[in-house]
Amino acid sequence: MSDLVRLSVSIEKLLFKRLERLVRNSGYSNRSEFIRDLVRRELVEQQWEHNDEVVGTITLIYDHEVRQLSGKLTHLQHHHHDAVLATTHVHLDERLCAEMVLIRGQARTIRQLADQLGRQKGVLHATLSISSTGAELV
Ligand code: NI
């Protein structure tokens, strides 16, 4: 673990109460860990804004009976084969599929791929979960 630094922060009483409630409701055992994670979350947001190399997951829910949809989704992923690390496919029922695509690459490319996949006809829901390669979070 890196060296720890103690800091003191001035904060309004009401805001402090809200912070304490957030820490409690989020299940953190202490305030410091909550604030560390808050800073890390902000760092990840910045990496995405600055088009850094990032890691993310695209989750798609789609109807595989829609004509040519499975082929289109595969085609788009092949087009970005350098960014797509792995794909997991789950058959939800007779008709619906869930596909989780783990990706690593420039933030802008990843967003474009997520948008392209999500707007195909027959894709009912698409989410992009953003994360980091981790190097700047320790
Ligand atoms: Ni399926």
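A: Helices (H or I, at least four residues) and strands (E, at least two) are DSSP runs, numbered from the N terminus. By that numbering, Gln 120 sits in the loop between helix 4 (107-118) and strand 4 (123-132). This is a predicted model, where local features need pLDDT of at least 70 and side-chain atom pairs pLDDT 80 or more, while totals for chains, interfaces and linings use all residues. Residues are numbered from 1 along each chain as its sequence is written, and side-chain values use heavy atoms, with hydrogens and water left out.

Q: What does the side chain of Gln 120 reach?
A: It reaches the backbone oxygen of Gln 116 at 2.9 Å. A polar contact is a pair of N or O atoms within 3.5 Å; within protein, one must be able to donate a hydrogen and the other to accept it, and residues adjacent in sequence count only if both atoms are side-chain atoms.

Q: Which residues is Gln 120 in contact with, leaving aside its neighbours within four places in sequence?
A: They are Leu 69, Lys 72, Leu 73 and Leu 76, where contact means heavy atoms within 4.5 Å.

Q: How many helices and strands are in the chain?
A: The chain has four helices and four strands, in the pattern α-α-β-α-β-β-α-β along the sequence.

Q: Why is the chain called more spread out than a compact globule?
A: The globule rule is 2.2 Å times the number of residues to the power 0.38, and the radius of gyration is taken over C-alpha atoms. For 138 residues the rule gives 14 Å, and the radius of gyration of the chain is 20 Å, well over that, so the chain is more spread out than a compact globule. Its C-alpha atoms fill a box of roughly 60 × 30 × 25 Å, taken along the principal axes.

Q: What follows helix 1?
A: Gly 27 does, with a positive phi near 80°.
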